[in-house]
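Below is a briefing on selected local features of one structure. It is grouped by topic.

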Amino acid sequence: MVSYKELGLVNTREMFAKAIKGGYAIPAFNFNNMEQLQAIVKASAETKSPVILQVSKGARNYANPTLLRYMAQGAVEYAKELGWEKPQIVLHLDHGDSFELCKSCIDLGFSSVMIDGSSLPYEENIALSKKVVDYAHQYDVTVEAELGVLAGVEDEVASEVSHYTKPEEVIDFATRTGCDSLAISIGTSHGAYKFTPEQCTRDPKTGRLVPPPLAFDVLDAIMEQLPGFPIVLHGSSSVPQEYVDMINKYGGKLPDAVGIPEEQLRKAAKSAVCKINIDSDSRLAFTAAVRKVFAEKPGEFDPRKYCGPARDLMEELYKHKIINVLGSDGKAE
Ligand SMILES: [Zn+2]
């Protein structure tokens with residue numbers, strides 16, 4: 001058993017309470033390699049933003065659970081080296097799909113876990129989420145649960161259609177599970193293809209897809225039921241067109257990739273939404289930078305020469321999200 005506190009990590013409780021009061025959201029950036037982690041830590045340290053390092057089951061297997069734990073510990077030390085005296089860094093399991101997986105993460109130093117029982121029948125979701133909460137809270141680890149189904153694909157999480165969270169269920173669900181935060185479905189979606197062209201309209205000037213707006217009425221109804229309760233948005237990449245264009249220009253093929261417009265996320269961040277998950281955008285930045293080097297310098301074969309520019313572009317992206325979208329800069333001095 002390794003306590004996250006020994007690794008210098010924190011749970012989400014205090015940072016969410018502050019974020020709701022302050023009208024901003026904490027970035028939850030997925031990572032599975034060193035360059036992503038370096039970029040996340042640098043962007044957070046330089047902007048003094050609390051940050052959630054988020055690891056999916058797939059990423060955990062990709063990186064190796066033991067190596068990952070030391071990477072998170074290294075992230076805290078690296079942040080201090082960069083001049084961030086009291087780093088507020090969470091290590092969070094994204095989309096835990098079983099009690100055993102959540103337990104194993106808690107036992108290996110995670111400070112926060114998500115149990116995603118959203119595809120289960122309502123009562124089974126409650127029972128599973130409660131079981132994880134009961135275990136996690138013994139070690140002061142915070143738990144995110146989910147109600148409602150998102151469309152799209154993220155690692156092993158896939159659903160063709162979305163079902164909005166039912167506001168009339170949230171009090172019962174939050175009370176009976178004891179969860180610390182709730183992931184909801186209001187029209188965000190996993191992946192770089194969040195909407196089909198049929199769901200969108202097309203901008204006549206640029207020919208680009210314009211996605212349907214998020215269901216802010218559902219969010220409002222949920223916040224009315226659970227005033228001040230931490231709400232989480234998954235699938236909230238914006239799929240920046242500049243990266244998609246770069247990928248396509250240098251030999252990639254991402255037709256009609258579309259995400260959530262940043263002004264909608266900005267609006268959400270000001271509400272009880274206090275954690276916004278961003279994964280696809282950094283994948284796009286990484287891929288765009290690597291493709292550019294490969295296209296312009298076909299003789300290059302030193303990974304540092306293409307992973308380095310990828311890291312720089314991701315760092316720029318993370319800073320942009322922190323400062324211009326979530327408003328979490330300067331909140332962890
Ligand atoms: Zn998700």
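Val239 is buried, with 21 other C-beta atoms within 10 Å; a residue counts as buried if 20 or more other C-beta atoms lie within 10 Å of its own, exposed if 12 or fewer, and partly exposed in between, with C-beta atoms placed from the backbone. This is a predicted model, in which local features need pLDDT of at least 70 and side-chain atom pairs count only at pLDDT 80 or more, while totals for chains, interfaces and linings use all residues. Residues are numbered from 1 along each chain as its sequence is written.

**Positive phi**
- Val239 has a positive phi of about 50 degrees although it is not a glycine.
- Val239 sits in the loop between strand 12 (231-233) and helix 9; helices (H or I, at least four residues) and strands (E, at least two) are DSSP runs, numbered from the N terminus.
- Asp256, also not a glycine, has a positive phi near 55 degrees.
- The loop between helix 9 and helix 10 (262-269) holds Asp256, which is partly exposed, with 14 other C-beta atoms within 10 Å.
- Most residues other than glycine have a negative phi.

**Helix 9**
- Helix 9 spans residues 241-249, and Tyr243, Val244, Met246 and Ile247 are buried in it.
- These buried residues line one face of the helix, because they fall within an arc of 160 degrees seen down its axis; the arc is that of the directions from the helix axis to the C-beta atoms.
- Glu242 and Lys249 are exposed on the other side of helix 9.
- The cover over the buried residues of helix 9 includes helix 11 (280-296).

**Lys275**
- Lys275 belongs to strand 13 (residues 273-278) and is buried, with 29 other C-beta atoms within 10 Å.
- Lys275 and Ile26 are 249 residues apart in sequence, yet 4.8 Å apart in space, C-alpha to C-alpha.
- Leaving out residues up to four places away in sequence, Lys275 touches Phe16, Ala25, Ile26, Ala28, Ile52, Ser181, Pro230 and Val232; contact means C-beta atoms, placed from the backbone, within 7 Å.

**Nonpolar core**
- The largest nonpolar core has 97 residues, and Ile40, Leu53, Val113 and Leu182 have the most contacts inside it; such a core is a set of buried Ala, Val, Leu, Ile, Met, Phe, Trp, Tyr and Cys residues joined through C-beta atoms within 7 Å.
- Helix 12 (residues 303-326) gives the most to this core, with eight residues.
- Beyond four places in sequence, the contacts of Val113 include Leu93, Ile106, Val132 and Val143.

Key: Contact = placed C-beta atoms within 7 Å.
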